[in-house]
Amino acid sequence: MRDEGSSTELEKVIRASMNMTDVPAPELNRKLKAALYQQEAVLRKQPAARKLSLWYLPMVLNLITFLLLALFALIMIENSYLSYFAAGICLYIGAAGILLTIVGVKRANIKEDITIRIEKRGVLA
């Protein structure tokens, strides 16, 4: 029974709200529009996305990989001359990766090619 009473009260409230004919004042509409336009202008001035360049990532991964291989060669190879030779080759390849990355940054447009765009929420594009 309580549900029937609450549903009739709810119906009365809904019917009363449907019969309301209040219209906001034109001044209020103008103020709201002006505030919205100002907020939109501020949002448009902000960059829509943040750029994160990953040009250094291949160099770092290459260096870490070959440093670990050099360490592995020093630990696992029992012949000292052969282990130093293998570690030297690994270090040389790691240094070559750094050099190639520097040349790629200077000569090619690698910083722009390896870029991630992170979109911001609530910013107009």
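**Contacts first**

Tutor: Leaving aside neighbours within four places in sequence, S83 is in contact with A73, L74 and I77. Keep in mind that this is a predicted model.

Student: Where does S83 lie?

Tutor: S83 lies in helix α4.

Student: Buried or exposed, that S83?

Tutor: S83 counts as buried, because its relative accessibility is 4% and the cut-off for buried is under 20%.

Student: Now T101. Which helix is T101 found in?

Tutor: Helix α4, which covers residues 80–107.

Student: And which backbone oxygen lies 2.8 Å from a polar atom of the T101 side chain?

Tutor: That oxygen belongs to G97.

Student: Is T101 buried or exposed?

Tutor: Buried. The reason is its relative accessibility of 9%, as under 20% counts as buried.

Student: What does T101 touch?

Tutor: W55 and M59, not counting residues up to four places away in sequence.

Student: Let's stay with W55. How many aromatic pairs does a search of the whole structure find?

Tutor: The search finds 1 aromatic pair. W55 and Y56 form that pair, and it is edge-to-face. The centres are 6.0 Å apart, with 90° between the planes.

Student: Why quote both values?

Tutor: Because a pair of aromatic rings is described by the distance of the centres and the angle of the planes.

Student: How about the accessibility of the two partners, what are the values?

Tutor: W55 has a relative accessible area of 26%, so W55 is partly exposed. Y56 has 35%, so Y56 is partly exposed too.

Student: Where is Y56 found?

Tutor: In the loop between β1 (49–53) and α3.

Student: How far is Y56 from I110, in sequence and in space?

Tutor: They are 54 residues apart in sequence. C-alpha to C-alpha, Y56 and I110 are 9.6 Å apart in space.

Student: Switching to the surface. Which residues make the nonpolar patch?

Tutor: Y56 again, along with L57, V60, L61, I64, L68, L71, F72, L74, I75, M76 and Y84. Together they make a patch of about 1200 Å².

Student: Which helix gives the largest share of that patch?

Tutor: Helix α3, residues 57–76. It supplies 10 residues.

Student: Pick one, say I64. Where is I64 found?

Tutor: I64 is found in helix α3. Its relative accessible area is 45%, so I64 counts as partly exposed.

Student: Zoom out. How many helices and strands does the chain have?

Tutor: There are 5 helices and 2 strands. Along the sequence, the pattern reads α-α-β-α-α-α-β.

Student: What share of the residues is buried?

Tutor: Buried residues are 12% of the 125 in the chain. S83 and T101 count as buried.

Student: And the accessible surface of the chain, what does it come to?

Tutor: About 10900 Å². Carbon and sulfur atoms hold 64% of that.

Student: Last one. What share of the contacts between residues at least 6 apart in sequence joins residues at least 24 apart?

Tutor: That share is 78%.

Methods
Residues numbered from 1 in each chain as written. Predicted model: local features only at pLDDT ≥ 70, side-chain atom pairs only at ≥ 80, totals over all residues. Heavy atoms only, no water. Helix = DSSP H or I, 4+ residues; strand = E, 2+ residues; numbered from the N terminus. Buried < 20%, exposed > 50% of the residue type's maximum accessible area, 1.4 Å probe, protein only. Polar contact = N/O pair within 3.5 Å; in protein donor to acceptor, adjacent residues only side chain to side chain. Contact = heavy atoms within 4.5 Å. Patch = residues over 30% accessible without salt bridge, like charges linked within 9 Å, V, L, I, M, F, W, Y side chains within 5 Å. Areas by Shrake-Rupley, 256 points an atom, 1.4 Å probe, with all protein chains shown as cover. Salt bridge = Lys/Arg side-chain N within 4 Å of Asp/Glu carboxyl O. Phe/Tyr/Trp six-rings, centres within 6.5 Å; stacked < 30°, edge-to-face > 60°.
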